[in-house]
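Subject: Structure for you to look at

Hello,

Please open it and read my notes beside it.

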Amino acid sequence: MPDLYFYDSQDSDIAAGARSVGDGNQNLVLRGVASYGEVLNILDAFIRQQQQFANIFFNTHGAPGSVALPNGRLNLSNAHQLVLRSDIFGGQGRVLFMGCNCGDDDVGWRFMDAVGHALVQNGFVGASNSVTIHGNYGLFEPRLPAWGLLRIVQLREGRVIRRSEVGSRLAHWLEALFG
């Protein structure tokens, strides 16, 4: 099952990194977006096509409890709009927000809970509680926490069953999310 990789289409560094990693990778579906509305439209189109994904990545800018896109944010106040889109995953799903500080503070935890409840149902949501930095690690070009932690919310049947934090070393990060 492929992965879906959303990236900020109006940030030239993020877009170039996404395209370089996605070039020739048959297991990675890249979609540049400038607004949360575009994200919803793309998810709806894939659901109509009965396309499913193992993981969804968001390589964007961020703020505590928010994915920042040039023309509209995904945040705590609108995450509920992801409901009825959990069919995008074939069973267990994973969402990773790579923007700076998306998982920071209490609002970050609540944002991750809301996305998990609405979209993931069974699986994991991960986000950093600090500034993130770029790096090419072969699998994809993630933005890793510069000095903070990866926060992870695990869900079963739409309910949060565990919250955890892991250090920012890549091996710990990927193991925590992808086991």
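A salt bridge here is a side-chain nitrogen of Lys or Arg within 4 Å of a carboxyl oxygen of Asp or Glu. The model is predicted, so local features need pLDDT of at least 70, side-chain atom pairs count only at pLDDT 80 or more, and totals for chains, interfaces and linings use all residues. Residues are numbered from 1 along each chain as its sequence is written, and side-chain values use heavy atoms, leaving out hydrogens and water.

By this rule there are four salt bridges. Among them is R163 with D113, at 2.4 Å from N to O. R163 lies in strand β12 (residues 159-166) and D113 in helix α3, so this pair ties together parts 50 residues apart in sequence. Helices (H or I, at least four residues) and strands (E, at least two) are DSSP runs, numbered from the N terminus. D113 is buried, at 17% relative accessible area. R163 is partly exposed, at 39%. Buried means under 20%, exposed over 50%, and partly exposed in between (1.4 Å probe, protein chains only).

Helix α3 also holds R110 and D106, four residues apart. Their side chains form a salt bridge of 2.9 Å, N to O.

Another salt bridge joins R151 and E165, at 2.8 Å from N to O. R151 is in strand β11 (residues 150-156) and E165 in strand β12, so the pair ties together parts 14 residues apart in sequence. R151 is buried, at 11%, whereas E165 is partly exposed, at 40%.

Best wishes
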